[in-house]
Amino acid sequence: MATVYRVFNFSAGPAVLPLSVLEEIQRDLVSLPGVGMSILEISHRSAAFESILAHAEADIRTLANIPSNYKVLFLQGGASLQFSMVPMNLLTAGSTADYIDSGSWAEKAIKEARRLGSVNVAATTKGENYSRVPRQAELKLTPGAAYIHMTSNNTIEGTEYKELPAVGDVPLVSDTSSDMFSRPIDVMRHALIYSGAQKNMGPAGVTVVIVREDLLRRSNPSMPTMLNYAVHAENGSMYNTPPAFAVYALGLVMKWLIAAGGLATIATANERKAAKLYGEIDRTGFYRGTAHEECRSLMNVTFRLATEDLEKQFIKESTAAGLDGLKGHRSVGGMRASIYNAFPEEGVDALVNFMQEFERKRG
Ligand code: PMP
């Protein structure tokens with residue numbers, strides 16, 4: 001296959017996919033081997049698609065070592081719909097849900113939950129621009145809470161949990177949209193995990209929900225069918241037409257991840273990539289990391305320069321140099337390098353070189 005020009009894509013999501021996966025999609029797009037039709041055309045009720053979905057689920061289970069009492073669901077509506085579905089299904093009348101406010105996405109989750117029931121913000125670091133995640137000692141947990149909600153990686157602010165909070169017997173719900181499968185995950189310590197696919201797992205259009213079976217009993221049968229976890233679980237994510245292409249592409253990414261050695265191996269690569277960037281950020285003080293060192297994200301590396309003018313210049317010149325998507329989220333400014341699983345280490349090296357060159361010229 002002819003090599004095509006590809007920039008280094010630092011986008012926070014949708015984000016870079018493994019080149020081999022894109023090439024496989026390209027090769028098989030017109031006709032899936034053994035099927036004679038495109039993945040864009042086949043019925044979701046066909047044996048071929050059922051097998052694609054079953055394999056994607058099996059590979060997710062293998063990668064994260066998911067026990068049999070958890071269901072894996074493929075849903076639509078993004079992680080944002082989960083902000084509503086979680087409380088709709090789990091926040092039963094008369095109970096309170098605890099939320100840890102660790103970033104802008106956590107704040108959005110809280111906003112949606114408040115529309116539906118009683119919410120206690122167990123801790124917040126908003127007053128510190130979300131530059132760190134709340135510490136265990138800061139959590140004010142509600143005894144007997146319906147669940148506690150956390151965001152494992154804060155995509156916009158560039159912070160992550162290095163360890164899960166201790167929550168006792170309260171079901172732990174985690175939005176893992178931006179670090180899912182970038183490192184090993186202890187599924188058994190969670191009651192529900194949700195993740196939009198478009199960062200580490202595949203293209204936009206599918207959201208993976210992993211839910212412990214006993215929680216499905218909380219879903220009220222009279223709630224809207226499409227928002228009911230129990231319905232999706234009973235129907236194997238096939239109550240209605242699933243996002244067939246997104247599930248297919250996600251399945252290829254899962255295969256790629258298994259072939260690459262699984263979560264422990266990818267975590268080592270991610271640590272190495274992030275260490276190179278943070279090393280450069282810390283080298284002279286010309287750049288300034290915005291997250292507290294003890295909770296720096298390995299996925300979204302956020303940093304600033306002395307002035308906004310200099311930052312504008314940095315974005316302009318880096319983009320021209322084929323380093324795309326380094327502009328920080330509009331709500332926080334600065335720079336953000338998203339370096340998900342499929343982001344190549346050469347791209348990190350290229351950014352480090354660019355940063356050194358930029359400092360040499362402007363420092
Ligand atoms: N949670 C987190 C942590 C995210 O990073 C994002 C998307 N960037 C969302 C939720 C929202 O996801 P979606 O766009 O899939 O609704």
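Predicted model: local features only at pLDDT ≥ 70, side-chain atom pairs only at ≥ 80, totals over all residues.
Visitor: Which residues of α8 are buried, and what covers them?

Guide: Buried means under 20% relative accessible area, exposed means over 50%, and partly exposed lies in between (1.4 Å probe, protein chains only). In α8 the buried residues are Leu310, Glu311, Phe314, Ile315, Glu317 and Ser318. Their cover includes β12, β13, β14 and α9. Gly322 follows α8 and has a positive phi, near 85 degrees.

Visitor: How far does helix α7 reach from its first C-alpha to its last?

Guide: Helix α7 covers residues 262-284, which is 23 residues, and reaches 35 Å. That is close to the 33 Å expected at 1.5 Å a residue. Just after α7, Gly285 takes a positive phi of about 95 degrees.

Visitor: What covers the buried residues of α7?

Guide: The cover includes α2 (47-64), α6 (244-259), β11, β12, β14 and α9 (345-362). Among the buried residues of α7 are Leu263, Ile266, Asn270, Lys273, Leu277 and Ile281. A bit of helix geometry is handy here: an α-helix has 3.6 residues a turn, so residues three or four places apart point the same way.

Visitor: What makes α6 roughly perpendicular to α7?

Guide: The two helices pack at an angle of about 80 degrees, with their axes 7 Å apart. Angles from 65 to 115 degrees count as roughly perpendicular, under 35 as roughly parallel, over 145 as roughly antiparallel, and the rest as oblique. That is why α6 counts as roughly perpendicular to α7. The axes are lines fitted to C-alpha atoms, for helices over the stretch in contact, and the angles run from 0 to 180 degrees between N-to-C directions.

Visitor: Which residues meet where α6 and α7 pack?

Guide: Trp256, Leu257 and Ile258 in α6 meet Gly262, Leu263 and Ile266 in α7. By class that gives 5 nonpolar, 1 polar and no charged residues. Nonpolar covers Ala, Val, Leu, Ile, Met, Phe, Trp, Tyr, Cys and Pro, charged covers Asp, Glu, Lys and Arg, and the others, Gly among them, are polar.

Visitor: What makes β11 and β14 edge strands?

Guide: They belong to an open sheet of 3 strands in the order β11-β12-β14, with antiparallel pairing. Strands β11 (288-289) and β14 (335-338) each pair on one side only. Two strands pair if DSSP finds at least two bridges between them, and 2 bridges join β11 to β12 (residues 300-304). Gly289 stands opposite Phe303 in β12.

Visitor: Why is strand β2 called largely enclosed?

Guide: Strand β2 (residues 70-75) has 5 of its 6 residues buried, so the rest of the structure largely encloses it. An antiparallel partner, β10 (residues 207-212), is joined to β2 by 6 bridges. Val72 has Ile210 as its bridge partner in β10.

Visitor: Why is His44 called buried?

Guide: His44 has a relative accessible area of 15%, so it falls within the buried class. Its place is in the loop between α1 and α2. His44 and Met238 are 194 residues apart in sequence, yet 8.0 Å apart in space, C-alpha to C-alpha.

Visitor: Is Phe181 buried or exposed?

Guide: Phe181 has 1% relative accessibility, so it counts as buried. Phe181 also has a positive phi of about 65 degrees although it is not a glycine, and is found in the loop between β8 (172-175) and β9 (192-196).

Notes: Residues numbered from 1 in each chain as written. Heavy atoms only, no water. Helix = DSSP H or I, 4+ residues; strand = E, 2+ residues; numbered from the N terminus. Expected span 1.5 Å × (residues − 1). Contact = heavy atoms within 4.5 Å.
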